[in-house]
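Dear colleague,

Please find the structure below, handed over for your records and further work.

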Amino acid sequence: MCGTDTRKNLNLTPATDTGCRCCSSDPTALVSGAAVPSEAASTRYALEGLTCGHCVKTVETAISAVPGVESAAVELVAGGISTLSVTGGAGRESVRAAVESAGYSLNRS
């Protein structure tokens, strides 16, 4: 193995707020670099009208700007019903307004 006996001798770059989280001593960071979801409940919504990654980014950006939203992630089903997961205390009407302002709509079901 690269001439070291322990992981401590690898001289990994420490994590920063703007950099990689995989080397962080922060207990909320995963080895993959993704943050552990917070204890707040995540609400899922069905979305219509998304067709590509740009659509996803537009919706995620709009939802992230809503007060009370901790995180927003879209699972794209191009041309079908995509799923929006929102963590935080934002209400359904606030989420609906943000989605509609981005040019898309929440599924009625």
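Val69 lies opposite Gly88 of strand S3, in a model that is predicted. The pairing behind this is that of S2 with S3: the two strands run antiparallel and are joined by 6 bridges. The hairpin they form has 6 residues between the strands, and within this hairpin Gly79 adopts a positive phi near 75 degrees.

S3 also pairs with strand S1, residues 42-48, again in the antiparallel sense and over 6 bridges. Here Thr43 is the residue that stands opposite Val86 of S3. Taken as a whole, the sheet is open and has 4 strands in the order S2-S3-S1-S4, with antiparallel pairing. Its edge strands are S2 and S4, the latter covering residues 105-106, and each of them pairs on one side only.

The loop between S2 (69-75) and S3 (82-88) contains Val77. Leaving aside residues up to four places away in sequence, Val77 touches Leu50 and Ser82. The C-alpha atoms of Val77 and Glu48 are 9.2 Å apart, although 29 residues separate the two in sequence.

Turning to the helices, H1 lies across S1, S2 and S3 and runs at about 165 degrees to S2. H1 comprises residues 53-64 and H2 residues 92-101; their axes come within 9 Å and cross at roughly 140 degrees. In general, a pair of packed helices is described by the angle between the axes and the distance between them.

At the contact between the two helices, Val59, Ala62 and Ile63 of H1 meet Val95, Ala98 and Val99 of H2. The residues of this contact comprise 6 nonpolar, no polar and no charged.

With kind regards

Note on methods
Residues numbered from 1 in each chain as written. Predicted model: local features only at pLDDT ≥ 70, side-chain atom pairs only at ≥ 80, totals over all residues. Heavy atoms only, no water. Contact = heavy atoms within 4.5 Å. Axes fitted to C-alpha atoms, helices over the stretch in contact; angles between N-to-C directions. Nonpolar A, V, L, I, M, F, W, Y, C, P; charged D, E, K, R; others polar. Pairing = 2+ DSSP bridges.
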